[in-house]
Amino acid sequence: MSSVPSEQFVETGSIIAVCIISMPAFYGIWKIYSTRGIAAIMALGVFALIIESIGIHTGFPYSPFEYTMPFGYQLLGTTPWTVFIAWSPLVFGAWLLAQTWFKHHWARFLAYLGILVGTDVILDPGAVARGLWKYTNGGLWFDVPLQNFIGWIISGTIAYFILKLVLKPAIVNGSVAISKYLWIGSLSLLLSIFLWTGVDAGYELWLPTIVGIILGNIIIQALFKIYTTTSQND
């Protein structure tokens with residue numbers, strides 16, 4: 001993504017990429033939660049469109065920004081429809097991991113927020129450098145304002161409680177099957193982390209690159225540990 005010329009980075013290609021990356025999360029959440037998973041996909045998709053539209057038109061909660069590259073038909077003339085499927089897979093990945101790693105509510109919540117905001121620390125600098133969107137006033141973190149990360153905390157918190165309402169709070173039952181679908185459900189998050197880590201490296205944004213390598217490897221090691229444990233118990 002960092003090396004392909006802008007004129008070749010066509011709208012169709014970007015939509016296909018978003019769809020492919022999103023599919024594992026949707027499949028995993030459906031297999032684990034069944035119809036509740038489908039309801040969660042729809043609820044988070046609608047919420048993503050609403051909060052993104054509010055952000056574009058008002059500057060809250062992410063600070064003023066605009067899309068500078070096409071991502072499909074734009075609702076209200078500003079918000080690409082692909083936001084419906086692009087943001088929620090990151091939320092699902094963070095949710096699944098946090099629910100599996102910790103038993104205490106606050107530990108789960110803080111781990112979830114840490115993963116989600118950490119992902120944006122990697123994603124946003126690469127996207128701005130690639131010219132996918134831009135912040136009106138720039139920002140301290142590679143042209144990304146600190147308010148944006150506060151916005152992710154706000155929207156991520158709302159999304160967390162949406163999932164609490166729609167899904168059961170715990171998913172771990174010690175089976176290899178659940179472990180497999182946890183891997184699949186988290187794959188979209190991992191793909192996004194390593195994709196944008198690569199983009200950051202392509203633009204020589206070394207701090208986000210380092211964060212991406214660390215976060216991605218933490219998640220991979222944790223997933224291997226979960227799978228190993230459930231395999232032994234099974």
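Which residues does Thr119 touch, not counting residues up to four places away in sequence? Select Thr119 and you'll find Leu90, Leu189, Ile193 and Leu215 in contact with it (heavy atoms within 4.5 Å). Before going on: this is a predicted model, where local features need pLDDT of at least 70, side-chain atom pairs count only at pLDDT 80 or more, and totals for chains, interfaces and linings use all residues. Residues are numbered from 1 along each chain as its sequence is written, and side-chain values use heavy atoms, leaving out hydrogens and water.

Thr119 counts as buried because its relative accessibility is 2% (buried means under 20% relative accessible area, with a 1.4 Å probe and protein chains only). Thr119 sits in helix 5 (helices are DSSP runs of H or I, at least four residues, numbered from the N terminus).

Next, select helix 5 (residues 105–130) together with helix 6 (residues 146–166): their axes come within 10 Å and cross at roughly 135°. Axes here are lines fitted to C-alpha atoms over the stretch in contact, with angles from 0 to 180 degrees between N-to-C directions. Color the contact residues, including Tyr112 and Leu116 of helix 5 and Trp152 and Tyr160 of helix 6.

Now show the largest nonpolar core, which has 65 residues (buried Ala, Val, Leu, Ile, Met, Phe, Trp, Tyr and Cys joined through side-chain atoms within 4.5 Å). Helix 5 gives the largest share of this core, 12 residues. Finish on Trp95, one of the residues with the most contacts inside the core. Among its neighbors, not counting residues up to four places away in sequence, are Tyr33, Tyr112, Tyr160 and Leu163.

Definitions and conventions
Helix = DSSP H or I, 4+ residues; strand = E, 2+ residues; numbered from the N terminus. Buried < 20%, exposed > 50% of the residue type's maximum accessible area, 1.4 Å probe, protein only.
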